[in-house]
Amino acid sequence: MWKREKMWMIKPPTEHPKESKYRPVLESLLPRDPMSKFNLKRSSPKDEFPNLDRNCTLMGRILDLHMYTRQFNRATESGVIFDDIIRPGLEDPGQSIGPKAVGCLAGDAQSYILFCDFFDRIIESYHGYKVTTDTVQESDFNYDNLKGGDDFDQAYALSCEVTVSRSIEDYSFPTHCSRGERRQLLTLAKTALEQLAEDLPGKLYSIDELSHESEDRGVVMDAPPSSLIKIGVARDWPDARALWLSKDGTLAVWVNMEDHLKLVSYRSDACLQEAFKTICVNVLKMEAVYNKRRHPFIWKPHLGWVISSPAEVGTGLRASVTVKLLHLAENKRIDDILDRLRLQMEATSCPGVYKISNLQTIGFNEVGLTQLVVDGVQLLIRMEKRLENNSGIDDLVPTQK
């Protein structure tokens, strides 16, 4: 039956000028609760609290029932809950000896805000740096400001590597992202790497292509590393994972591994200055491409460059030099010396050879962190030479940097 629309009877809503003006503010005071969208079959926080008796990570040391209860009913807009944050540390509880692992990973950038009282304590414990809202993390990619790094004694310094990680705005991190997100990130990376190749020729390889040996590259990857499996990053392997290699071998870019992007510059001549320059030049070029496509790298003033692991927030940068330290590594003061230099030492597969790198990634800019490694390695080599001649090193031990 035909009905006439009585449009004249429909009154428009009354508009109040002030309400219209302040509507965004009023709506922000009533944020959506993502947890209300879930129907999780969970008991009380006390019943769900994990067993941390043999957990050797920083998460296991910091987390208690009171903190767990405060985080229990929170979720980010993309659906990350606190159990997702701490799961890597439960799957891989760490070791009682050696450097402490953080034992947690953010699922997205909002995780650092929503679970800030947990992450801030992790960052303070790992880096010795207190996160405050009135402190801004600095960034400096002017490689000309780096002093030295090109004159290590080749008899001791064997090789070097500089890496920097980045995450992309509006995408979840690898532990939480969907297949669609991961594929979109690969598409973005292909565009950026194509433009990067205009000045630095290279080729993008899928993980499938890396499963067999080839003359044009020295990387073979048959299966995901066990470390990625434990922390939940290897889901849907090898879908949308890739590696870009420059033809001259100075730069590699991993896509969708521990982070959205990881740039690596390795040099067999231990010239840290050139490796750092390669990273600075190319990360800025990639940043410009991502900004142009309106998908910038994630930056928070108080945290700096935000990535999935709180062990690398701030700069996302690791500078390392592989050094022969047969005598110094056995010295009783080595741990104290490394603490004073703000460095860490990892054993390699070769006896007496160690990888020296910056432990802290926040509180310094990129040049400052790399300078710590340059100065520290120079000093460690001097100490090694002293010990070879049966001389003392007490006068070379620095004050706390």
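A salt bridge is taken here as a side-chain nitrogen of Lys or Arg within 4 Å of a carboxyl oxygen of Asp or Glu. By this criterion, a search of the whole structure returns 15 salt bridges. The structure is a predicted model, in which local features need pLDDT of at least 70 and side-chain atom pairs count only at pLDDT 80 or more, while totals for chains, interfaces and linings use all residues. Residues are numbered from 1 along each chain as its sequence is written, and side-chain values use heavy atoms, with hydrogens and water left out.

One of these pairs is Asp 236 with Arg 182, whose closest N and O atoms lie 3.6 Å apart. Because Asp 236 sits in the loop between helix 9 (226-231) and strand 3 (242-246) and Arg 182 in helix 8 (residues 179-196), the contact ties together parts that are 54 residues apart in sequence. Helices (H or I, at least four residues) and strands (E, at least two) are DSSP runs, numbered from the N terminus. Arg 182 is buried at 2% relative accessibility, whereas Asp 236 is partly exposed at 28%; buried means under 20% relative accessible area, exposed over 50%, and partly exposed in between (1.4 Å probe, protein chains only).

Turning to other pairs, Arg 267 bridges to Asp 269 with closest N and O atoms 3.0 Å apart. Arg 267 is partly exposed at 22% relative accessibility, and Asp 269 is partly exposed at 31%. Arg 386 and Asp 395 form a further salt bridge, at 2.9 Å between the closest N and O atoms. Here Arg 386 is partly exposed at 26%, while Asp 395 is exposed, with a relative accessible area of 57%. Elsewhere, salt bridges with shared partners join Arg 179, Arg 182, Arg 183, Asp 236 and Asp 239 into one network.
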